[in-house]
Amino acid sequence: MSEPIIRVENISKRFGGVIALNEVSLSIFPGEICCLVGENGSGKSTLIKIISGVYAPDEGDIYLNNKLYKKLTPIDSIREGIQVIYQDFSLFPNLTVAENIAINHQLAHRKNLVNWQEVEKIAREGLQRINIELPLDELVENLSTADRQLIAIAKAILADARLIIMDEPTTALTQKEVIALFKVIIDLKERGISTLFVSHKLNEVREIAERTVIIRNGKKVLDQDARGIDIATMEYHMTGRRLDSSNIAFSPPGDMHTPLLKVENLSLRHGFVDVSFALRKNEVLGITGLLGSGRTELALALFGELPADSGRIFVQGKEVHINSIQQAVKNQIGYVPDDRIQQGLFLDQSINDNIIISVIDRLVTRIGLIKSKTKNEVSNQWIQRMAIKTPSGKLPVKTLSGGNQQRVVLAKWLATMPKILILNGPTVGVDVGSKAEIHELIRQLANEGIGIILISDDIPELFQTCHRILLMRTGRIVEEYQRNDIDEQYLYQRLIFSENQAKAVSED
Amino acid sequence: MTEESTPKVTKNSQVTIFLKHLHIDGQTLLLTGVFITLTLFFTFTVQKFFTPRSITSMAFQLPELGILSLAMMITILCGGINLSVNATSNLAAVVAGLFLTRMIPTEVDPNLLGWYVIGAFIIAILVGFLCGVLNGVMIGYIGVPPILATLATFTFFTGISTGLTKGVTVTGFPESVSIIGSKTIAGIPIPFIIFVVFTLLTYIILNGTPFGFKTRMIGTNPTAAEFSAVENRKVLLGVYVLSGILSAVTGILVMSRTMSAAYEYGTTTYVLLTILISVLAGVIPGFGKVIDIFIAVLILQVLSTGFHMLLTGVRGSSFFRDFAWGILLIIIFIVNYFVRGRTQND
């Protein structure tokens with residue numbers, strides 16, 4: 001075997017009293033696709049930053065192309081052919097595709113004047129190397145996330161990258177874009193360029209990895225050929241415990257005659273068309289579809305944020321008009337948004353205040369003053385019930401992990417005693433351990449009688465929680481499945497199929 | 001990126017929490033310390049500073065700026081600003097003043113005069129209310145950025161005051177108008193009592209009612225507030241109406257103390273001073289304490305009076321007061337930087 005591009009040996013890194021990395025060793029060989037897997041806070045970001053020269057390790061050696069670096073700087077790392085593509089891609093949104101791709105080259109050659117023909121030539125070459133076509137004159141801000149990522153990759157290749165590190169590259173991509181990205185990675189491999197793919201989406205890791213490295217609490221716990229490692233094994237190594245998904249107790253949903261929620265011919269311009277379905281008591285109803293299928297718009301319509309143009313909504317058999325969020329809440333509908341940070345939380349405010357905001361109007365005395373004792377009781381009760389891990393409810397919500405933050409958002413709505421709860425991507429950005437716990441919570445809530453609409457494109461998640469699954473495609477509900485009638489593979493294919501078909505239709 | 005927290009960040013946030021808590025109480029502590037230091041300094045350097053007479057005189061002066069600062073503070077708290085506080089205060093005083101000078105019949109029963117005065121004060125409050133409604137509708141319902149909306153109304157209100165008075169100061173009020181601005185109860189100036197009352201009221205509204213709670217939450221994240229079923233528009237309207245009413249109360253104090261109403265009273269400095277006090281008190285969208293505003297107002301008054309007395313007879317002494325305010329602000333920033341500086345970079 002040839003020399004590794006990078007070899008780190010017994011790297012340790014401490015921050016204050018906390019050990020972020022504990023004697024981790026890792027080698028990456030030319031043309032290798034290596035996946036680095038770990039929960040949030042496991043130390044994988046620290047490792048990337050050490051390899052790219054951002055952090056200096058406290059102990060251990062770094063060899064790049066077999067050369068020992070005592071003090072590695074980011075410049076050294078780039079010179080040795082290591083390129084990191086961060087989640088924000090480090091692009092200039094107000095410049096064109098060509099300018100973004102060529103800028104490093106222009107800077108490296110200390111050009112003071114711009115030669116536009118040269119810029120275009122370089123950009124075209126960069127895109128060609130990854131077999132991608134993009135409009136060179138388009139401003140980057142007008143491009144999709146996937147296209148921006150490709151530009152970042154093209155840029156990295158032009159800088160003579162030998163190893164490209166991708167930090168959570170698929171977070172904002174659709175399934176189809178993920179497949180396109182994988183194709184690029186395999187292309188790179190054929191040119192001898194290695195990829196270090198950092199992710200916690202295990203199904204993707206399983207698909208692309210040749211070698212899988214898992215770190216947990218700063219220690220490497222697994223490093224082996226990716227073949228023969230299944231998702232359950234990865235989960236076990238990531239979390240250090242077995243997550244049992246096989247024997248899930250589903251509560252039987254209530255009868256169909258008096259559904260909690262019934263939607264008839266609901267339509268919203270630029271959103272969805274002619275949507276009808278019913279949600280029963282005790283039921284978890286999955287709605288899946290790709291980005292742009294109208295799934296989020298449907299949720300927002302039911303929650304009153306984007307009121308529907310036409311159609312009828314019935315709650316417990318009674319027709320209701322939901323034109324505002326207040327009306328939705330009055331009808332005992334709660335909504336956990338997909339964008340937790342922007343729409344769900346007040347990061348700087350306390351956990352307590354984040355929970356009780358939805359019920360603050362109910363916690364007042366006759367003259368309109370807040371009952372502070374009751375207020376604290378309510379929030380403490382929910383912190384306990386949701387098992388939110390914090391020393392005090394007075395701490396800002398931003399001190400919590402993703403999973404605990406999501407519990408706060410859930411607690412906020414559960415405090416209103418909802419009959420219907422709409423969850424949009426409830427485990428996005430949540431680590432594997434908390435994810436399983438949130439799934440358990442969802443089943444439990446359904447068991448207690450709440451009807452839940454779960455919107456997600458995470459197929460295992462749908463199978464973990466839902467009784468029925470509706471598939472949306474270009475604003476319509478096109479298929480309905482009972483969970484027990486299909487398997488994950490089938491649903492995955494239908495989901496992808498829907499995208500291909502939608503594309504075929506739009507090209508007609 | 002935000003999700004990916006290395007142990008370092010976790011560790012740091014523990015420190016952050018600690019410092020943050022220290023800071024919130026620390027701000028009050030710091031301001032109290034500054035207040036005591038300055039008071040001691042002037043007590044020892046200026047002979048007549050710590051005398052009943054000078055203290056009473058300060059207690060007559062500071063409530064105007066104090067209540068106006070409360071009017072500013074609540075708008076900052078909800079993520080906005082109100083540049084029209086002083087213009088509102090002047091318009092309220094001018095309208096009330098014109099009512100008193102033009103609407104009272106010449107042959108009025110002296111016993112009824114008091115009712116006219118009370119009526120004038122109610123009119124002033126009503127004007128403040130309407131000014132607040134205009135700001136609140138523009139900001140909450142139409143969605144004009146607060147700084148632009150209130151810059152527009154600042155000019156608009158000042159324009160109305162100027163037009164109504166033709167640029168002339170309104171004078172000649174009934175004697176009883178001056179009671180509020182010149183009398184004391186148990187040795188305490190009435191304006192100061194009014195300031196304390198409104199400070200307490202603001203405190204109760206902000207900390208004890210759902211309205212105040214929502215104000216702070218909207219200031220922190222308006223989108224999340226909306227998604228939590230808060231009626232942002234109504235709350236914002238309420239905030240600006242309250243701000244308008246507090247401004248009008250200031251107008252009443254000013255007309256009562258000076259026995260006049262003018263379109264241009266305090267225009268050049270008052271708005272900036274209220275912002276300065278809010279900054280000094282550490283008010284930011286979502287966070288801020290009424291007590292800190294109260295102490296910050298005291299500090300500014302002590303500085304102002306202290307330097308005035310210290311430099312009596314020295315040319316340019318009033319410029320030195322501005323200079324001292326500026327220095328104070330810079331010092332507070334630097335101290336705050338060392339107390340919480342690093343934590344803010346997280």
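In strand β10 of chain A, L222(A) is the bridge partner of I214(A); helices (H or I, at least four residues) and strands (E, at least two) are DSSP runs, numbered from the N terminus. The model is predicted, local features need pLDDT of at least 70, side-chain atom pairs count only at pLDDT 80 or more, and totals for chains, interfaces and linings use all residues. Residues are numbered from 1 along each chain as its sequence is written, and chains are lettered from A and ligands numbered from 1 in the order in which they are written.

Six bridges join β9(A) to β10 (residues 219-225) of chain A in the antiparallel sense, where two strands pair if DSSP finds at least two bridges between them. The hairpin of β9(A) and β10(A) has two residues between the strands, and N217(A) takes a positive phi near 50° there. Strand β3 (residues 33-37) of chain A runs parallel to β9(A), with four bridges between them; L36(A) stands opposite V213(A) in β9(A). Of the six residues of β9 (211-216) of chain A, five are buried, a residue being buried if 20 or more other C-beta atoms, placed from the backbone, lie within 10 Å of its own, exposed if 12 or fewer, and partly exposed in between.

Chain A as a whole has 17 helices and 20 strands, and 47% of its 508 residues are buried. The C-alpha trace spans about 70 × 60 × 50 Å along its principal axes. Of the contacts in chain A with a separation of 6 or more, 70% are between residues 24 or more positions apart, two residues being in contact if their C-beta atoms, placed from the backbone, lie within 7 Å.

Chain A is divided into domain 1 (6-239) and domain 2 (261-344 + 403-507), with bounds from an automatic or database domain assignment. The domain centres, taken over C-alpha atoms, are separated by 34 Å. Nine residues of domain 1 are in contact with eight residues of domain 2. On the side of domain 1 that touches domain 2, α6 (175-190) and α8 (231-239) of chain A each supply at least two residues, and α8(A) has the largest share, three residues.

An open sheet of four strands in chain A has the order β12-β11-β14-β15 and antiparallel pairing. Strands β12 (272-279) and β15 (318-320) stand at the edges with a single partner strand each, so one side of each is left without a neighbour in the sheet. Five bridges join β11 (residues 261-268) to β14 (residues 310-315) of chain A, and V263(A) stands opposite I313(A) in β14(A).

Another open sheet of chain A has six strands in the order β16-β17-β18-β13-β19-β20, with mixed pairing. Its edges are β16 (333-336) and β20 (476-482). Strand β19 (residues 468-473) of chain A runs antiparallel to β20(A), joined by six bridges, and R468(A) stands opposite Q482(A) in β20(A). Helix α9 (residues 295-302) of chain A lies across β13, β16, β17, β18 and β19 and runs at about 150° to β17(A); axes are lines fitted to C-alpha atoms, for helices over the stretch in contact, and angles run from 0 to 180 degrees between N-to-C directions.
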